[in-house]
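My notes follow in the order in which I looked.

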Amino acid sequence: MPWQGMQNIGLEKLLKAWQIVKQGEPEQALQCVTIAQPEPGAGELSIAVAAAGVGLPDLLMCRGRYEYQPALPFTPGQEVAGRVVAAGAGVKLRPGQRVMGVTCFYNGQGGFAEQCMSTPDMVYGVPDEMPDEQAAGFVIPWHTAWIGLVSRARIRAGERLLVLGAAGGSGGAALSLGKALGAEVIAAVGDEAKQAHCRRLGADHILNYQQQDITAYCNELSGGRGVDVVFDPVGGQLSDEVVGCIASAGRLLLIGFASGQWSRAPSHQLVMRNCSALGVFVGAYSPRQRRRVNTELLRLYRAGRINPGVDRVLEFNQTPVALADLAARRACGKTVIRVSG
């Protein structure tokens, strides 16, 4: 891979990073470069990245289709785990502390690098028993799952939960958290490998929506009543179809658009079925609220009730491969890049 030298910076301050230098598919858009060591300003901290989570937003940033798109060139990577290197004024975290969380990707200082930037309201301490690889993929999918299922849907034990894209990062977290909360979980995926993955996660029922009618399946399973909650990170036509299997007083959680299109859930059907469509956006919650969510999730983690297992760990030089597999829908579960350590 080509490297871009920076002759006016001492070697001790040069760091490796994968940057998006042009828009396109990952293997064309990404380039391994050297960057200056980040220096945190007031209210910021720099993190030595041990591992970085890979997610759909990173792919969308390669394609220039993400809502928070920095100017080229920039370093993507939303999720990391590592140790604090330096902290700016007003930051209580100190060098050496182990943290996990969300990077300043929106400023182009993301986690696909040896060091990245973040802010105190976006990072959390890592339990001693949690490996870096698990921590790197924890905050975004699990916070999303909790806020969707608990804060928005107020799911109850015994309710039926349908998870679309259940073999993905956020879908897998929702499947696992739903089970921990006592729901009966139906996992909807698109191929046999992903069915096997959901079986390992403990799904009660698994269907292949490429081969089965998802609405007919859920209605037959429930004796015509339908499902109580749908967790939807997929969007598009699949999201529109599942309204036909939501129970009265059911909740459709709109999480994302992995299909390439947001849900266009038909309002007429929502009304006639007496159900609701609810947007889920973790960023709408205050740092204090998100910290409470993280505390509850770690309580479940320590009790062994959730397992944020990472399905594949790749090396730093394989970053474009990880995103290319995501683009081709070959990825199953959560992929993490090992950066150092």
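I count two residues as in contact when they have heavy atoms within 4.5 Å. The model is a predicted one.

**Entry 1. C62**

I started with C62, which is found in helix α2, residues 56-62. Its relative accessible area is 0%, so C62 is buried. What does C62 touch, not counting residues up to four places away in sequence? I listed I20, K22, Q23, G24, P26, A29, L30 and L323. I also checked C62 against W262: they are 200 residues apart in sequence, and their C-alpha atoms are 19 Å apart in space.

**Entry 2. Disulfides**

How many disulfides does the structure hold? I found 0. C198 is in no disulfide, and the nearest cysteine sulfur, that of C332, is 7.0 Å away. C198 is buried, at a relative accessible area of 0%.

**Entry 3**

An α-helix has 3.6 residues a turn, so residues three or four places apart point the same way.

**Entry 4. Helix α4**

Next I went through helix α4, residues 139-152. Of its 14 residues, 10 are buried, so α4 is largely enclosed by the rest of the structure. The buried ones are V139, P141, W142, H143, T144, A145, W146, I147, G148 and L149. R154 follows α4 and has a positive phi, near 50°.

**Entry 5. L161**

L161 lies in strand β8. Is L161 buried or exposed? At 0% relative accessibility, L161 counts as buried. Leaving aside neighbours within four places in sequence, I found L161 in contact with L149, I155, A174, G178, A183, E184, V185, I186, V229 and F231. One of these contacts, L149, is also among the buried residues of α4. I186 is 25 residues from L161 along the chain, with 6.0 Å between the C-alpha atoms.

**Entry 6. Salt bridges**

I searched the whole structure and got 16 salt bridges. I looked at some of them by pair.

R251 forms a salt bridge with E159, and the closest N and O atoms are 2.9 Å apart. The pair links distant parts of the chain, 92 residues apart: R251 is in strand β12 (residues 246-254), and E159 is in the loop between α4 and β8 (160-164). Both R251 and E159 are buried.

R264 and D240 meet through their side chains in a salt bridge of 3.4 Å, N to O. Here 24 residues separate the partners: R264 is in the loop between β12 and α9 (267-272), and D240 is in helix α8 (residues 236-242). D240 has a relative accessible area of 16% and is buried, because the cut-off for buried is under 20%.

R312 forms a salt bridge with D325, the closest N and O atoms being 2.7 Å apart. R312 is in strand β14 (residues 312-315) and D325 in helix α11 (residues 319-327), 13 residues apart. R312 is partly exposed, with a relative accessible area of 29%, whereas D325 is buried at 9%.

I also noted a network of salt bridges that links E133, E315 and R338.

**Entry 7. Surface patch**

Which residues form a nonpolar patch on the surface? I found Y68, Y106 and F281, with about 310 Å² of accessible area together. I placed F281 in the loop between β13 (276-279) and α10 (287-302).

Conventions. Residues are numbered from 1 along each chain as its sequence is written. This is a predicted model: local features need pLDDT of at least 70, side-chain atom pairs count only at pLDDT 80 or more; totals for chains, interfaces and linings use all residues. Side-chain values use heavy atoms; hydrogens and water are left out. A disulfide is a pair of cysteine sulfur atoms within 2.5 Å. Buried means under 20% relative accessible area, exposed over 50%, partly exposed in between (1.4 Å probe, protein chains only). Helices (H or I, at least four residues) and strands (E, at least two) are DSSP runs, numbered from the N terminus. Patches are made of residues with over 30% relative accessible area and no salt bridge: like charges are joined within 9 Å, nonpolar side chains (Val, Leu, Ile, Met, Phe, Trp, Tyr) within 5 Å. Accessible areas come from the Shrake-Rupley method with a 1.4 Å probe; for residues, only the protein chains shown count as cover. A salt bridge is a side-chain nitrogen of Lys or Arg within 4 Å of a carboxyl oxygen of Asp or Glu.
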